[in-house]
Amino acid sequence: MSSTVLFRRGRVIDPRNGVDGVRDVLVRDGKVVEVSEAPLPVPASAEVVDANGKWVVPGFIDLHVHLREPGEEGKETVLTGCRAAVAGGFTAVVAMPNTKVVNDNGMVTELVLSRARAANLCHVYPAGAITKGLKGEEMAEMGELVSAGCVAITDDGRPVMNAALMRRALQYSTQFGVPIMVHEEDLTLSAGGAMHEGATSTRLGLRGIPASAEVAMVARDLVLLEETGARLHLAHVSCEGSVRLIREAKRRGLRVTSEVTPHHLILDDRAVGDYDTHAKMAPPLRSDRDVQALREAIADGTVEAIATDHAPHGVLDKLVEFEKGINGIVGLETALGLTLELVHAGVLTATRAVELLTHGPAQAFSLPGGHLAPGAPADVTVVDPTEEWTVDAHRFYSRSRNTPFHGRKQKGRVVQTWVGGRKVFENGQVGPGKESR
Amino acid sequence: MRHLLGIEGWRRDELEALLDRAQAHLPGRPDATNILRGKVVANLFFEDSTRTRTSFHMAAKGLGASVMNWTQTGSSVSKGETLLDTARNIEATGPTVIVMRHRSSGAPHLVAKHVRCAIINAGDGTHEHPSQALLDAFTLRQRWGSLDGRTVLILGDIMHSRVARSNLLCLRALGARVVLCGPPTLMPPGLEAMGAEVTHSLDSALPQADAVMCLRLQLERMSENFLPSTREYSRLFGLNAAREERMKEGAVVMHPGPINRGVEIAPSVADGARSVILEQVSNGVAVRRAILEVCAS
Ligand SMILES: [Zn+2]
């Protein structure tokens, strides 16, 4: 297999390096060697990718993915999750620690990393827990987690309700320089709620989750951030009030980053329709006004990243009364199409869309990749921006099918994904990779 | 075959036709006794409600159907069977109609998507209770002839009341003006979008009302801090004798039952000259006969 690849005449969009135009990209031995405006000669034994009419962009990086291994392999494994990732154009994913053995110690971190090595498809960066067992009571051994390979620390799925503990965790994290990632939800305000509190929850007779359940916790954590000088990353921001606070915190120079999911940018609470559990997630789909605020925030740079919160669940987890339905949807294989909807709608430029999927997340968690300058990892995604296709959940590489987007028409699709100069996905087919057991 | 999952989705002319049909089912007009002969109506109650279950039971029997009663007590639900498992098992016994009560909003909608028989919602969580709204509308229509231009005041815990939601939709559809009154903690957002007027002052709303519909106050709302006490609730929102006196001439008092006497309504008012509470109960059977007839055909 050739270790030299030449991507010819694609539209290279590399926001970090200010590139948007037709270029040749030469990669060798897993690294980008040259990005050239003039056509490059084809080196001997190079594989040539004719990218004419395509986008050649840095591989996408997803800061928020649930791989479910260890513990819930019926929903997803590291391998199936990686397959879904590369099929969606992602070359790196951050794996959340709320597995059924919680990643609150180095052994679990190492297990996830070894499964990822065996899968050998994309980069998997584990995130470790803030508290032991995600119980919100005692801090986990953050030093061990970081030295085992965790790139962020989070109790994702749950908030840290104890403010003193949160303050200590932020202080403690400063010695390692890792971001603390937070799921912002005041449980006393969200208690019993099944969806966003608004006209739709009233119509359906469901207990609502007010926006204040998120915004109040964002306010608290920004106050703690200012005192501690840590790095704070806000997961799946969903409301206007949060965006306003983040904007203000950034203006004052606080080290805060954040992400929004594609579904919070595309759908509002009306998507619940007549109790569709595929539209049930935490945080819930918010009001149209919140959606507009989130769109502004990703466009103007207040929010750095689009992250999927890829949350695989079984069929039976959703085929129940709405109040009993489990939160979450899969996202890796629909993220690009949904993001491009925002480009087609004029909300984002193509450059900004690519930045939100590449350089933005890389910078938030200090990850390699996310750009294509010489020396960067040869993680490359090739996109056909014109291909029209229809989301078919039955054809997902993910082991789970829980999505509200089944049957949705999309324009623009991933045609190839390259990790470290190796092709791992092409035209609907995921490359090598096997179960590690 | 047609579902009755809620008042939402039904047009005015369809609701009127159903109420007209109920007229024919009033006692002393036994012209429809064989409509459901040979058919089975399954009562599927996951939440106890003797009143509604009995009313549907009598309605079904009166139309000649055989009735199968299924209640949650001692059932397989406690053994981990899902709602859909239960519903499909009931369906397999061949009913034409399933009358369903469940504590989760939307549960009948889920079942309706996965079975072939008609589903009648007999109350789902805090969502809708359409047969109650229809019998309330029927009772008012009996008094007034038409609901056009009339004002109905619905009083109490609007947030947790499926009766309030269904009545709001039904009364509005039939031409009435609906005012909702209760403490702000028990008023969910977006009621105006559903066509209601909202107030927190009973004393200013009361003199305009042609009917006052008191809702049952769940006593656990105190422990959830929606309200400081039943005492304060009664003082601010209780329909007592002094307030009854300030009501419009001819205005009526309604209650879906069961009543907390002395909390949301004074005993003298519940049993007084304005009360149509017992008419509501007796009209219930005729209205439910009409519902079964429309849904089973
Ligand atoms: Zn998550």
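I started with the zinc donors, which are spaced H-x1-H-x89-D-x152-D in sequence. H64(A) sits in strand 6 (residues 60-65) of chain A and D156(A) in the loop between strand 9 (152-154) and helix 4 (163-173), so the pair ties together parts 92 residues apart in sequence. Helices (H or I, at least four residues) and strands (E, at least two) are DSSP runs, numbered from the N terminus.

I noted that this is a predicted model, where local features need pLDDT of at least 70, side-chain atom pairs count only at pLDDT 80 or more, and totals for chains, interfaces and linings use all residues. Residues are numbered from 1 along each chain as its sequence is written, chains are lettered from A and ligands numbered from 1 in the order written, and side-chain values use heavy atoms, without hydrogens and water.

Next I listed the zinc ligands: H64(A) (NE2), H66(A) (NE2), D156(A) (OD) and D309(A) (OD), at 2.1 to 2.5 Å. Donors are N, O and S atoms within 2.8 Å of the metal (3.2 Å for Na, K and Ca); water is not among the atoms, so sites may look incomplete. I checked the angles: they run from 80 to 165°, which makes the arrangement irregular. Tetrahedral would need all angles between 85 and 135 degrees; four donors are square planar, and six octahedral, if opposite donors are over 155 degrees apart and all others between 65 and 115; anything else is irregular.

Then I turned to the chain contacts. I found 25 residues of chain B in contact (heavy atoms within 4.5 Å) with 15 residues of chain A. The count between these chains is two salt bridges. E224(B) and R207(A) meet in a salt bridge at 3.3 Å, N to O. The term takes a side-chain nitrogen of Lys or Arg within 4 Å of a carboxyl oxygen of Asp or Glu.
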